[in-house]
Each structure stands twice: as structure tokens, then as C-alpha cells.
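Me: Could we go through this model together? I'd like to start with the sheet and then move on to the pocket and the aromatic rings.
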Amino acid sequence: YKGNIMEIRCIDKAYPVWELTKLELPSLNVTELTGKENSSKLPINSKREPMYLDWSNSNHFHFKETWVKRKELVQEYLKSGRAYEECIELMPMWPNRFSKFEWGTGEGSVQIIHDRTGFHMGPHIDNREVVGVMIVNLQDNPEGSGTNFHVDRDAPEAWYSGPTRRNTGVFFLNNWNTWHSVQNNGHDRLICYDIMHLGEMFRNG
């Protein structure tokens, strides 16, 4: 799918993974983000800092409004049937064609994530409350720090690695074959992260 604003490219028809390019998001004032210590005690989260937009900040509000418009393009792509034409795995996953899906746009729907040098998350699939995830680079992130996709948990090599340049990213649906990992060996990684939740699949009708 090639639009005037954003391009969505299916990586492989057997895997519900898409590369996103040309998002043209506005520059984000990172210094005014609200950060807090990750409450999780898991070692994996010691180098991951969730950060939040301040909606009273005009720069943050503009970023959020633009982000929502990009989400709407992904939603339209799913609901229009174009995604089903390009990915044969979709029909067995969600035969309702996302007909009742409505992606949330509330204050907590979008999250900024700061992954420090050395952050590592091994191959995994997300829990079943997660339908899909959209991840976009907010800066030119370190080479090799994009989301990696594996054929299974024990496959060390990735069959695809997401881009790392600003205004690019990935969108994928949580499925038995979307094992993914992250390894950041370079400077700090800054991404925008948005989850499609299971409850959003049944909002309409």
C-alpha cells in the first residue's frame, strides 16, 4: 500500500509483518517527556524506560494528533481487505476482517520508549491480550536495533529485521509465527510504541 503520507509493505505473505516508511511525523520535544522508573523488577526492564506525552504541551499534542492519523491509515489498510490480499495468514487469524475493530486514541494509547545501550529482549510472542503492535523510530536509531523476527523461539538468526531510520518502523500482528526480539548495542534507542488490544477488536456492532 502506497499513500501520499505513509507506505505499508508486507514483508512476506506467510507472516503478518509489515514495514512502515515515510510516516512524516513531526519532531518531538523529547526533553519535555514525562519519564518514570519501570516498575517491573525483571532484569529485562532495567534498561527500558517508558516515557509519556504531556497533552498540555502543544508540541506533544500535535505529535499525538499526527500519530493518530497514521494509526488510522493502518486501520483502514486492515479493514479494507488490502492486508488480507497481501498476507494469506490473516484470514485464519481474524476471519471477521477487523470489521468491529476500532483502535483506541485515548491518552494512554501511545507510548514513547527509551531503550538504553545494552537493552536485550530475546525471541518471544506477545500475550494474548495483544492483537498487534506498531513501532516507529523517532530518531535515527542504532544500526541493528530494529525489531528482529524469527521463525521460532530457538532460531538465533532473524528472517527479517525492521528499519532503524527516523520515520520508519514496523507493524505486526501477534501470531504463532511472529516471534520477535530486540538487541540494542549502540546508543540509546527512541521509539513510539502503540498496542492493538484484544478488547478493541469488538468495539463496533
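Me: What is the strand order in the open sheet, and what is the pairing, parallel or antiparallel?
Reply: The open sheet has eight strands in the order β1-β2-β10-β7-β12-β5-β4-β3, and the pairing is antiparallel. Strands here are DSSP E runs of at least two residues, helices H or I runs of at least four, both numbered from the N terminus, and two strands pair if DSSP finds at least two bridges between them. This is a predicted model in which local features need pLDDT of at least 70 and side-chain atom pairs count only at pLDDT 80 or more, whereas totals for chains, interfaces and linings use all residues. Residues are numbered from 1 along each chain as its sequence is written, and side-chain values use heavy atoms, with hydrogens and water left out.

Me: Which strands stand at the edges?
Reply: β1 (7-12) and β3 (34-35) do, and each has a single partner strand, so one side of each is left without a neighbour in the sheet. β3 is joined to β4 by two bridges, the two running antiparallel, and T34 has Y52 in β4 as its bridge partner.

Me: OK, pocket next. How much space lies in the largest one?
Reply: About 470 Å³, where a pocket is an open set of points on a 1 Å grid over the protein atoms alone, reached by a 1.4 Å probe, with protein on both sides within 12 Å along at least five of seven lines, and lining residues have an atom within 4 Å of a point. The volume is the space filled by probe spheres set on the points, which are joined across faces, edges and corners. Of the 27 lining residues, R48, Q111, I113, Y193 and I195 are the closest to the centre.

Me: Which element gives the largest share of that lining?
Reply: That is β12, with six residues.

Me: Switching to aromatics, how many pairs are there?
Reply: The search of the whole structure finds 13, counting rings of Phe, Tyr and Trp (its six-membered ring) with centres within 6.5 Å, where planes under 30 degrees apart are stacked, over 60 edge-to-face and the rest tilted. For F63 and W67, the centres are 6.4 Å apart and the planes at 15°, so this pair is stacked.

Me: Where do F63 and W67 sit in helix α1?
Reply: They are four residues apart in α1 (residues 58-79), separated by about one helical turn, and both are buried (under 20% relative accessible area, against over 50% for exposed and in between for partly exposed, with a 1.4 Å probe and protein chains only).
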